[in-house]
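This report covers aromatic contacts, strand pairing and surface features. The sequence and the structure come first, and the text follows.

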Amino acid sequence: MAHKFPEYEPFFHKGLRIEIGIPQADGDVFRDWAIVKEYREDTILIQLSRDYLPMNVRVNVSTILDANVWMKQDVYTCACIVTEKQGERVLCIRLFGQLMPKERRHFFRFEANFRFRFTEPDQRVREEIEAEWKKRRDLEYMKFGGYDEIVIAARQAEFQTSQEELAWHESIDNPAVLSGGGIGFKLDKKLLPETLLHMELHLPLSPPRVVHAVAEVVYAFELRRQMGSGAAYRTGLHFIWLEERDRDQIFRYISMLQLHRLREISENRPFKYPYDGMPAVRRGLDGKTVLRRALYTVLFLVLLFYVGRFLIDYRDRGNPNEIKTIYEKAIKQYRKER
């Protein structure tokens, strides 16, 4: 049977020792060892090495963690989310995103399928590349700065005539791992480290924004080939020129995706009956229960019948009080005297 998530199969198995990174409130990451007790598709059950976590470390359902795996001399990391707690030490976590070589991370990463463009490697000196990036950035800011459309068109025409023609590539159905510090995606050719690319990130925000950046290749390693497919390289790039305002837009987009994915996970989580571990299903009625309920119903109807007869007789007889008795005696005495 084919696995739905073949990219995780070479890295995880039962009994594997992995490292778990738990975020803290102060922005630091607490790391602990764990043993994989069960592995299936994109879900693993782990047991932490510590009996109790420190007081300032909290792990709850929907907490985002990172799992680190050793493959020979290389370390690979993948983001994951806690879907269930089976005690203080045992956690059920779901993997998402791609496994990639571990590096120093300063920003949270998230896999997304959005439109972005990148160029062929730019061989010019860094000063010229930076100058062109600034022109692209300033032109984009003019669109949101209240400038007249004629001024923007004139500036754009001036920029297009002065720039060197670059070959752009569209990301069609190519998901990327995005963060405030860089981006990673698959390429059909291997790029050397320190290669510079111009990038345009089209973020589907409200209003939509286009982020211009220059990225430097950090690593590129070949993925395991599927039958009938060509070579593919997981390429990681670091943003070396990116405006901080644009970085904030990336953070905003990642937060929006994270909330959406957490909402999907919570909606797909099976309902658990909260009392005594009983399943939330209606039990079938056995013969004794039906007979007992029928007997109670008959007794109730009989009691209701006698109560009704008593009330009817009471109404017909009236209320023979003392005054009525005296009155009836007086009438009889009067009739006798006449």
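Glu 7 is partly exposed, with 30% relative accessible area; buried means under 20%, exposed over 50% and partly exposed in between, with a 1.4 Å probe and protein chains only. Glu 7 belongs to the segment before strand E1 (17-23); helices (H or I, at least four residues) and strands (E, at least two) are DSSP runs numbered from the N terminus. Its C-alpha atom is separated by 9.8 Å from that of Gly 97, which is 90 residues apart from Glu 7 along the chain.

The model is predicted, so local features need pLDDT of at least 70 and side-chain atom pairs count only at pLDDT 80 or more, while totals for chains, interfaces and linings use all residues. Residues are numbered from 1 along each chain as its sequence is written, and side-chain values use heavy atoms, with hydrogens and water left out.

**Aromatic contacts**

Searching the whole structure gives 11 aromatic pairs. Rings of Phe, Tyr and Trp (its six-membered ring) pair if their centres lie within 6.5 Å; planes under 30 degrees apart count as stacked, over 60 as edge-to-face and the rest as tilted. The pair of Trp 33 and Trp 70 is tilted, because the ring planes are at 40° with the centres 5.6 Å apart. Trp 33 is in strand E2 (residues 29-40) and Trp 70 in strand E4 (residues 64-71), so this pair ties together parts that are 37 residues apart in sequence. Trp 33 is partly exposed at 31% relative accessibility, and Trp 70 is partly exposed at 40%.

Phe 118 and Phe 185 form a tilted pair, 5.1 Å centre to centre with 35° between the planes. Phe 118 lies in strand E8 (residues 115-119) and Phe 185 in strand E11 (residues 182-187), so the pair links parts 67 residues apart in sequence. Both rings belong to one aromatic cluster, formed by Phe 114, Phe 116, Phe 118, Phe 185 and Tyr 253. Phe 118 counts as buried at 9% relative accessibility, and Phe 185 counts as buried at 0%.

A charge sits over a ring if NZ of Lys or CZ of Arg is within 6 Å of the ring centre and within 35 degrees of the ring normal.

| Charged residue | Ring | Distance to ring centre |
|---|---|---|
| Arg 17 | Trp 33 | 3.8 Å |
| Arg 137 | Trp 133 | 4.9 Å |

**Strand E11**

Strand E11, which holds Phe 185, is mostly covered, with five of its six residues buried. Strands pair if DSSP finds at least two bridges between them. E11 pairs with strand E10 (residues 176-178) in the antiparallel sense over two bridges, and a hairpin of three residues joins E10 to E11. Leu 178 has Ile 183 in E11 as its bridge partner. E11 is also joined by six bridges to strand E14 (residues 233-241), and the two run antiparallel. Here Gly 182 stands opposite His 238 in E14.

**Surface patch**

Which residues form a nonpolar patch on the surface? They are Val 298, Val 302, Phe 305 and Tyr 306, with about 410 Å² of accessible area together. Patches are made of residues with over 30% relative accessible area and no salt bridge; like charges are joined within 9 Å and nonpolar side chains (Val, Leu, Ile, Met, Phe, Trp, Tyr) within 5 Å. A salt bridge is a side-chain nitrogen of Lys or Arg within 4 Å of a carboxyl oxygen of Asp or Glu. Accessible areas come from the Shrake-Rupley method with a 1.4 Å probe, and for residues only the protein chains shown count as cover. Phe 305 lies in helix H4 (residues 287-317) and is partly exposed at 48% relative accessible area.
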